[in-house]
Number of protein chains: 2
Amino acid sequence: MSISVDTFFLNPQFQGTLQSQIQQMIAEGILSGRFRQGEKLPSSRKLASHLGVSRITVTLAYTELLANDYLTSRGRSGYFVSENAPEPPPFTNIRQSGDTVDWSRAIGRKYTGGDTPRKPLDWSSYRYPFIYGQTDSGLFDHANWRLCAIQALGQKDFSALTTDYCDLEDERLVEFIVRHTLPRRGIVARPDEVLITVGAQNALWLTAQVLLTQRRTAAIEDPCYHALRDILTQSRCHLAPLPVDRDGLPPEAIPPETDVIFTTPSHQCPTTATMPMGRREALLKRARELDALIVEDDYEFEMSFLNAPSPALKSLDKDGRVIYVGSFSKSIFPGLRLGYLVGAESFIREARALRASVLRHPPGHTMRTAAYFLSLGHYDASIRRLRIALKERSEAMHEAIQEHGLNIWGQGAHGGSSFWMRAPNGTDTNKLAEKLKQDGVLIEPGKPYFFGQNRPREFYRLAYSSIPADRISKGIQLIANVLNV
Amino acid sequence: MSISVDTFFLNPQFQGTLQSQIQQMIAEGILSGRFRQGEKLPSSRKLASHLGVSRITVTLAYTELLANDYLTSRGRSGYFVSENAPEPPPFTNIRQSGDTVDWSRAIGRKYTGGDTPRKPLDWSSYRYPFIYGQTDSGLFDHANWRLCAIQALGQKDFSALTTDYCDLEDERLVEFIVRHTLPRRGIVARPDEVLITVGAQNALWLTAQVLLTQRRTAAIEDPCYHALRDILTQSRCHLAPLPVDRDGLPPEAIPPETDVIFTTPSHQCPTTATMPMGRREALLKRARELDALIVEDDYEFEMSFLNAPSPALKSLDKDGRVIYVGSFSKSIFPGLRLGYLVGAESFIREARALRASVLRHPPGHTMRTAAYFLSLGHYDASIRRLRIALKERSEAMHEAIQEHGLNIWGQGAHGGSSFWMRAPNGTDTNKLAEKLKQDGVLIEPGKPYFFGQNRPREFYRLAYSSIPADRISKGIQLIANVLNV
């Protein structure tokens, strides 16, 4: 690559000749690693005209750098960064200017400090990745996704790709969701009751911003999805964490001052508990009594391989008090970042205005590609394939867990993609996870999902969405070995 | 398409026989528009097994619907929604349930109510679209974007496409920005001083959330980008709108209590004023005196076709007090939704944590496609083509405006893509825009960009980024006709 003339600027405050300033700019570029060995410099004519200096000034600067072995000359083809030029130091040592700002004062609100488990980005290089929410390259329908993405790049979809939707979204995707996705959850909705979001996380975040203030109370499952806890903590509302049991959130525990109830009835996150129909009705009744709203995160309903999923809470909702959060990031792939909200028009209108302010709209190409993938039936086919694989793996998990004497606390009634495990009393699963990593086993410690001071350390999650069935038995054995059970 | 068995649920509270419930579900599906004429129903065997009822119950329900002409039978190929089935009413008339929630109380914070001009989504069907920020299909390098997007869909990039980056981003894209994009603005930065965002709007929004609170003051240009005003209004900080002059924001007008200064020095939005070097230095000096931060929205620096752009404010910043906002959505296409923030590591860390909470990360495919498009040199070639086209159009604009006696208030010193126009005193450019629409002319009224009670109505923006050069003269003539100048 050649170095663009646009990267050169004269500094009017520079103390020294123009020639020395040009020399210094080039030397600094090399020392800072911006200009790399073998890269071509602009011609002296071009650089002189860009900087508004005489050509001889540039030529003299180049000659000087040639003498110092920063540059080499290849006759008529010009000047290049020399192979003997000084090596740049690693990036972390470069500072253009001192930082004189007192950032502890300048930052008005802090957002760091959540207890977010960090998954290794190179998880696929581990042999036994019992980790959650990453794509199994053997299951994802890469070929058809690619075809749909290419179709969405065509001339016919030029405007769907490039357009500024302002606060709107791809109407094809919304139509598909309304006509085909939601009816499978028993939900009837109009297009203006749907908002497309940048993943389910974005849907939960928008909902919290619209519904909660410092004076409101949110009831939340304990343990719960740690990113949801961060969202609610940042909203500064009052939090009422309610311990879940094997049927999920207990409605009778919801305190009377509650304004919004966050729940995951299909598969409680992370315990995988499925809420029975009776409790769903009791939860709706309790919400009606308190005049509270319910936010239903219906994640993993697609992964029901044992039997048909229960209808969503939203489908039983006679009052319009359930806000439904759906996602394609889980069931297609997490890097997709595509989810949706379903709720009353008055609510969706505010969430839409906030989304417009925060990011305008999800990328056009992503929305149109998903619309094709869904409407051509590839999504359904993917889900069928996924269910078959998950069923096989779930059976292998059961068998191995039983054989090696591990203890399952929770498993979804309809399926899912993980088990919630309990290690013997006194086990610290953070340390367990660290040890197992050395054996090529990735597990997820449970502590970050809990609230409060004395958070239990003996729980852990074993997901089987990314590990091949034939490695499960050995992986479980390695866990049992470390636990000495 | 055939109707999925998953859309059927039995309601335990249904008053009536199973057969009548099945009939009713199907009839409701047809009446609500979810099941359309010609669509195939599940086989009686499949539906019976899904619902856990006997096959004869389903068959009797189907036979009844056949008799009522909701369904037709095509012998062995099964049952279909009849062509004589009742037509569904339009979507707006369907309600599954009453909405008994008092949304005026349930909504904790309102986000609607900003004065956002609504551009017609069908702008390209107008003959004279003097509108801003949409993609000209004749200028965008669709073919190479497509190739890069296809490359980013390949097996080699499987993980870049699908992976959950958690709070990180595509390091290739960051590397390109650090090594090639920022040096063109005179900016030296390390990768951990850069954050990729879902468009520049998202970058501005994140910045406001991190730096501002109800107790802080933001100085802001008047007029300014209306979406920025909405962002700052929602943050509930104190706002100090400062009238801009022909050189942009006047540093001496910045009030002493200011914490953060938002500015657009390359091309003031919307007046297009370019801030001269002397004023840039005065602005930095003023910020240092007040210990205030500066947020520099460097939009449209690429569109400098008259002469080289001035170095960014950020490049003159010795203290680390400038936060720089860049965008590819403007220069590639707005539906892309890709921008970036450059600032001190302490600031970027908080913005990253907030981004993770709001949406995790921008879609992987979008980031990798942009990285290819940039590093293969297509971006630079696009910008060169864009500059040539904008120069030609800008000259045509000048000529036509002079000929027809319109009045330019502002134009970028280095180029840009629009003029800020002033109509004769007393003109309401909202009404002007409405009238001109009937002649196929789209212009942007200026009022939404201003602050306060008595916002001027006589300004308007004429952009030339989406109108072919040969239509400019006629378009300007039509504007002059309506203005009677």
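Me: In this predicted model, which hand does the crossing of H15(B) and H16(B) have?
Reply: Happy to start there. The two partners are helix H15, residues 429-438 of chain B, and helix H16, residues 469-483 of chain B, whose axes come within 10 Å. The crossing of H15(B) and H16(B) is right-handed.

Me: Which residues make that contact on the H16(B) side?
Reply: Let's take the two sides in turn. H15(B) contributes B:Leu432, B:Lys435 and B:Leu436. Facing them from H16(B) are B:Leu478, B:Ile479, B:Val482 and B:Leu483.

Me: How many residues of the contact of H15(B) with H16(B) are nonpolar?
Reply: Sorting the residues of this contact by class gives 1 charged and no polar ones. The nonpolar residues number 6.

Me: At what angle do H5(B) and H13(B) cross?
Reply: Here helix H5 covers residues 142-151 of chain B and helix H13 covers residues 364-375. Their axes come within 8 Å, and the crossing is right-handed. H5(B) and H13(B) are oblique to each other, with an angle of roughly 125 degrees.

Me: How many polar residues are in the contact of H5(B) with H13(B)?
Reply: From H5(B) come B:Asn144, B:Trp145, B:Cys148, B:Ala149 and B:Gln151, which meet B:His365, B:Thr369, B:Ala370, B:Tyr372 and B:Phe373 of H13(B). No charged residue is among them, and 6 are nonpolar. The polar residues number 4.

Me: What is the crossing angle of H1(B) and H3(B)?
Reply: Helix H1 spans residues 18-31 of chain B, and its axis and that of H3(B) come within 9 Å. This crossing is right-handed, and the helices are oblique to each other. The angle is roughly 50 degrees.

Me: How many charged residues does the contact of H1(B) with H3(B) have?
Reply: The H1(B) side includes B:Leu18, B:Ile22 and B:Ile26, while the H3(B) side includes B:Val58, B:Leu60 and B:Glu64. By class, the contact of H1(B) with H3(B) has 9 nonpolar and 3 polar residues. Charged residues come to 1.

Me: Which proline does a cis peptide bond join to A:Asp222?
Reply: Most peptide bonds are trans. This cis bond has an omega of about 0 degrees, and its proline is found in the loop between strand S5 (217-222) and helix H9 (226-235) of chain A. The proline is A:Pro223.

Me: What is omega for the cis peptide bond of B:Cys269 and B:Pro270?
Reply: B:Pro270 lies in the loop between strand S7 (260-263) and helix H10 (277-290) of chain B. The cis bond joins B:Cys269 to this proline, with omega at about 10 degrees.

Me: What kind of axis relates the two copies?
Reply: Chain A can be laid on chain B with an RMSD of 0.1 Å, using a turn of 180 degrees and a shift of 0.1 Å along the axis. The copies are thus related as by a two-fold rotation axis.

Me: How far apart are the centres of domain 1 and domain 2 of chain A?
Reply: The domain assignment places domain 1 at 5-93 and domain 2 at 123-134 + 384-483, with domain 3 at 142-376. Taken over C-alpha atoms, the centres of domain 1 and domain 2 of chain A are separated by 56 Å.

Note on methods: Residues are numbered from 1 along each chain as its sequence is written. Chains are lettered from A and ligands numbered from 1 in the order in which they are written. This is a predicted model: local features need pLDDT of at least 70, side-chain atom pairs count only at pLDDT 80 or more; totals for chains, interfaces and linings use all residues. Side-chain values use heavy atoms; hydrogens and water are left out. Axes are lines fitted to C-alpha atoms, for helices over the stretch in contact, and angles run from 0 to 180 degrees between N-to-C directions. Helices (H or I, at least four residues) and strands (E, at least two) are DSSP runs, numbered from the N terminus. A crossing is left-handed if the near helix is turned anticlockwise from the far one by less than a right angle, and right-handed if clockwise. Contact means heavy atoms within 4.5 Å. Ala, Val, Leu, Ile, Met, Phe, Trp, Tyr, Cys and Pro count as nonpolar, Asp, Glu, Lys and Arg as charged, and the others, Gly among them, as polar. Copies are superposed by least squares on the C-alpha atoms of residues with pLDDT of at least 70 in both. Domain bounds come from an automatic or database domain assignment. Angles under 35 degrees count as roughly parallel, over 145 as roughly antiparallel, 65 to 115 as roughly perpendicular and the rest as oblique.
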